[in-house]
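Here is a brisk report on one structural model.

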Amino acid sequence: MTTTMNPVSVSPAVPAEVSVHLRVKRYNPEADTRPHWQDFTVQALPSDTVLNVLHKVKWTQDGTLSFRRSCAHGVCGSDAMVINGENKLGCINLISTVGTDLTIEPIRGLPVIKDLIVDMEPFFAQYRSVLPYLITDDDPGYKERLQSQEERERFDDTTKCILCACCTTSCPVYWANGSYVGPAAIVNAHRFIFDSRDQAASERLDILNQKSGVWRCRTSFNCTEACPRGISVTKAVEEVKRAILYDRV
Ligand code: SF4
Ligand code: SF4
Ligand code: FES
């Protein structure tokens with residue numbers, strides 16, 4: 001006699017949802033005289049991001065909750081926020097990492113437009129002030145501007161910036177004095193100052209040698225810890241300081 005065994009079907013384990021409690025700093029300039037906290041609870045998977053959770057709140061509980069986002073993959077730099085006291089991108093931080101009790105605030109040091117949306121214009125004005133583009137008087141000719149691997153390596157780290165402002169808005173000097181150009185602008189100046197093809201390093205160093213420039217930095221490393229791209233921000237600031245002091249580019 002032959003026996004036929006039923007194939008055992010093994011269904012993949014479905015991860016359990018967890019309750020996520022959010023405390024969000026809200027501010028609507030058309031209705032509020034000052035910011036206030038609002039609590040929400042949503043169900044989410046441990047693999048959901050903080051941005052996913054904010055979307056759940058917006059789509060199912062309160063459509064007025066306002067925040068910026070675009071790529072949702074850590075590339076566009078638009079969803080910097082303060083999560084449990086630290087500057088982070090909402091889209092690359094998982095609930096399994098940040099936990100189920102979240103306090104979410106707008107990044108500090110820039111004017112709040114609404115809820116988690118800040119006015120980035122002062123930040124971008126400081127970025128523009130350091131001439132963050134290739135400047136050269138040479139005839140472009142018909143060939144590439146050649147560069148050795150070592151020359152390219154010199155500024156590789158600072159090419160990774162996505163202008164999220166996590167560094168600048170974690171800097172205590174910037175909080176105290178918004179005229180400080182800030183670490184993000186210095187990182188983007190560094191990217192061109194140490195580029196062998198560029199010819200405007202001394203112009204940028206003069207800009208960063210002013211009262212609002214690199215000398216305001218107190219080397220507290222907040223900026224390096226906050227950078228979601230892993231850029232050695234404080235090291236870049238120090239290299240620019242040394243380039244000013246020793247004329248070494
Ligand atoms: S190292 Fe300098 S730029 Fe960075 S957070 Fe500290 S004071 Fe600001
Ligand atoms: S240096 Fe890092 S933290 Fe600062 S703006 Fe660029 S990517 Fe963001
Ligand atoms: S949404 Fe683009 S970096 Fe987070």
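The model is predicted: local features need pLDDT of at least 70, side-chain atom pairs count only at pLDDT 80 or more, and totals for chains, interfaces and linings use all residues. Residues are numbered from 1 along each chain as its sequence is written, while chains are lettered from A and ligands numbered from 1 in the order in which they are written.

**Helix packing**

The axes of α6 (residues 183–193) and α9 (residues 233–246) come within 9 Å and cross at roughly 60°. Axes are lines fitted to C-alpha atoms, for helices over the stretch in contact, and angles run from 0 to 180 degrees between N-to-C directions. Helices (H or I, at least four residues) and strands (E, at least two) are DSSP runs, numbered from the N terminus. This crossing of α6 and α9 is left-handed. A crossing is left-handed if the near helix is turned anticlockwise from the far one by less than a right angle, and right-handed if clockwise.

On the α6 side, the contact uses Pro183, Ile186, Val187, Ala189, His190 and Ile193. On the α9 side, Val233, Ala236, Val237, Glu239, Val240 and Ala243 take part. Two residues are in contact if their C-beta atoms, placed from the backbone, lie within 7 Å. The contact of α6 with α9 holds ten nonpolar residues, one polar and one charged. Here Ala, Val, Leu, Ile, Met, Phe, Trp, Tyr, Cys and Pro count as nonpolar, Asp, Glu, Lys and Arg as charged, and the others, Gly among them, as polar.

Helix α6 also packs against α3 (residues 121–129). What is the sense of the α3 and α6 pair? The two helices are roughly parallel to each other. Phe123, Gln126, Tyr127 and Ser129 of α3 meet Ala184, Ala185 and Asn188 of α6. That contact of α3 with α6 has four nonpolar, three polar and no charged residues.

A further partner of α6 is α7 (residues 201–208). Their axes cross at roughly 155°, which makes α6 roughly antiparallel to α7. Ile186, Ala189, Phe192 and Ile193 of α6 meet Ala201, Arg204, Leu205 and Leu208 of α7. By class, the contact of α6 with α7 has seven nonpolar, no polar and one charged residues.

The axis geometry of these pairs is set out below.

| Helix pair | Axes come within | Crossing angle | Handedness |
|---|---|---|---|
| α6 and α9 | 9 Å | roughly 60° | left-handed |
| α3 and α6 | 8 Å | roughly 30° | right-handed |
| α6 and α7 | 9 Å | roughly 155° | left-handed |

**The sheet**

Five strands form an open, mixed sheet in the order β2-β1-β5-β3-β4. Its edge strands are β2 (36–44) and β4 (86–89), each pairing on one side only. Two strands pair if DSSP finds at least two bridges between them. Neighbouring strands are turned by 35° against each other on average, direction ignored. Helix α1 (residues 50–60) packs on this sheet and touches β1, β2, β3 (80–83) and β5. The direction of α1 makes about 105° with that of β2.

Strands β1 and β2 run antiparallel and are joined by nine bridges. In that pair, Lys25 has Trp37 of β2 as its bridge partner. Strand β1 (residues 18–26) pairs with β5 (residues 101–105) in the parallel sense, over four bridges. The bridge partner of Leu22 in β5 is Leu102. Arg23 stands opposite Thr103 in β5.

Strands β3 and β4 pair in the antiparallel sense over four bridges. Met81 stands opposite Lys88 in β4. The β3 and β4 hairpin has two residues between the strands, and Asn84 takes a positive phi near 50° there.

**Ligand shells**

Which residues come closest to ligand 1? Of the 13 that surround ligand 1, the closest are Cys171, Cys217, Ser220, Asn222 and Cys223. A residue is near a molecule or strand if its C-beta atom, placed from the backbone, lies within 6 Å of it. Helices α8 (222–226) and α9 each supply at least two residues of the ligand 1 shell. The largest share, three residues, comes from α9. By class, the ligand 1 shell has eight nonpolar, four polar and one charged residues.

Ligand 2 has 14 residues around it, and Cys161, Cys164, Cys167, Ala184 and Cys227 come nearest. The shell around ligand 2 divides into 13 nonpolar, no polar and one charged.

How values were computed:
Parallel < 35°, antiparallel > 145°, perpendicular 65-115°, else oblique.
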